Amino acid sequence: MEDIILVSVIVAILIIIPIIRFVLQYTEYKNSHYYRTTQNSYWSVFADSGKYGEYSLYQYLQPFESIGCKFLFNLYIPLENGKTTEVDIIMFHSKGLFVIESKNYSGWIFGHERQKMWTQTLPVGYGKSHKEHFYNPIMQNATHIRSIRKLIDDRIPIYSVIAFSDKCTLKKVTVKSDNILVTYYSQLAKDLKIRLTAETIKSTISQDLIDETYRKLLPYSQVSDQIKWQHIIEKQNS
């Protein structure tokens, strides 16, 4: 009898703990600024590696909200050719705008700031590997920044940030420019704090100008499904 009771208790615990964990995770998501801004459903985020990467990255950056930072996600910024470029995350800080490109990748990453294509090396078993090439995320983010620059006040500094998932290893990534940061999700908050306290970033922007810039860029994160689908089609045809 005691054995039956013990087994029943263990089974109940095994069932209840995952439910409690899910409820807490779901509640945390629904209360997040990420959800309030994007309105992406919980299931759509956790089923999409790109969205999940952005949300995971935002979780690491959440402490910045306590010092007044604001965030926007998935902005569709118009280009001169009539197309759009998608910006993953913008962090609004008194020191400037941090435009963040999220890469939820695995494997080994190789690349140089000036190389057009970077390399992702993935293991395929039996000591073998497979290489994938992807567009230099620094150049990709430079396009984002040029497009944003045309929409905002020239007095606002803009900094480029490329954040890779901790699932990957930045095996040989060379960056020499001081205004570009390439790091891991888990290291980003720490690296940003170091940059923000460094003497190289001296300017301070008024809260009014930050709020004005946020309001100016907010509509680009609230676009219609038609614009989003058009952007996807453009990427597939490029």
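## Report on a predicted single-chain model

An open sheet of 5 strands runs in the order S1-S2-S3-S7-S9, with mixed pairing. Its edge strands are S1 (70-78) and S9 (180-184), each of which pairs on one side only. Neighbouring strands of this sheet are turned by 30° against each other on average, direction ignored. Strands here are DSSP runs (E, at least two residues) and helices are DSSP runs (H or I, at least four residues), numbered from the N terminus. Two strands pair if DSSP finds at least two bridges between them. Axes are lines fitted to C-alpha atoms, for helices over the stretch in contact, and angles run from 0 to 180 degrees between N-to-C directions.

This is a predicted model, in which local features need pLDDT of at least 70 and side-chain atom pairs count only at pLDDT 80 or more, while totals for chains, interfaces and linings use all residues. Residues are numbered from 1 along each chain as its sequence is written, and side-chain values use heavy atoms, with hydrogens and water left out.

Within the sheet, S2 and S3 form an antiparallel pair, and Phe-92 stands opposite Leu-97 in S3. Helix H4 (residues 49-61) packs on the sheet and touches S1, S2, S3 and S7 (158-164); the direction of H4 makes about 135° with that of S3. Helix H6 (residues 185-197) also packs on the sheet, touching S2, S3, S7 and S9, and its direction makes about 145° with that of S9. Contact means heavy atoms within 4.5 Å.

| Strand | Partner strand | Bridges |
|---|---|---|
| S2 (residues 84-93) | S3 (residues 96-103) | 5 bridges |
| S4 (residues 107-112) | S5 (residues 117-125) | 3 bridges |
| S5 | S6 (residues 128-135) | 8 bridges |

A hairpin of 4 residues joins S4 to S5, and Ile-109 has Gln-120 in S5 as its bridge partner. In general, strands of a sheet pair through backbone hydrogen bonds, either parallel or antiparallel.

Two further places concern burial, where buried means under 20% relative accessible area (1.4 Å probe, protein chains only). Ser-32 lies in the loop between helix H1 (2-30) and helix H2 (33-38). This residue is buried, with a relative accessible area of 2%. Leaving aside neighbours within four places in sequence, Ser-32 is in contact with Tyr-55 and Tyr-58.

In helix H7 (residues 207-217), the buried residues are Leu-209, Ile-210, Asp-211, Thr-213, Tyr-214 and Leu-217. They pack against H2, S1, S2, S3 and helix H5 (137-149).

For the chain as a whole, the secondary structure comes to 8 helices and 9 strands. The C-alpha trace spans about 75 × 50 × 45 Å along its principal axes. Of the 238 residues, 41% count as buried. Among contacts between residues at least 6 apart in sequence, 56% join residues at least 24 apart. The chain exposes about 13,900 Å², of which carbon and sulfur atoms supply 55%; accessible areas come from the Shrake-Rupley method with a 1.4 Å probe, and for residues only the protein chains shown count as cover.

Conventions: Buried means under 20% relative accessible area, exposed over 50%, partly exposed in between (1.4 Å probe, protein chains only).
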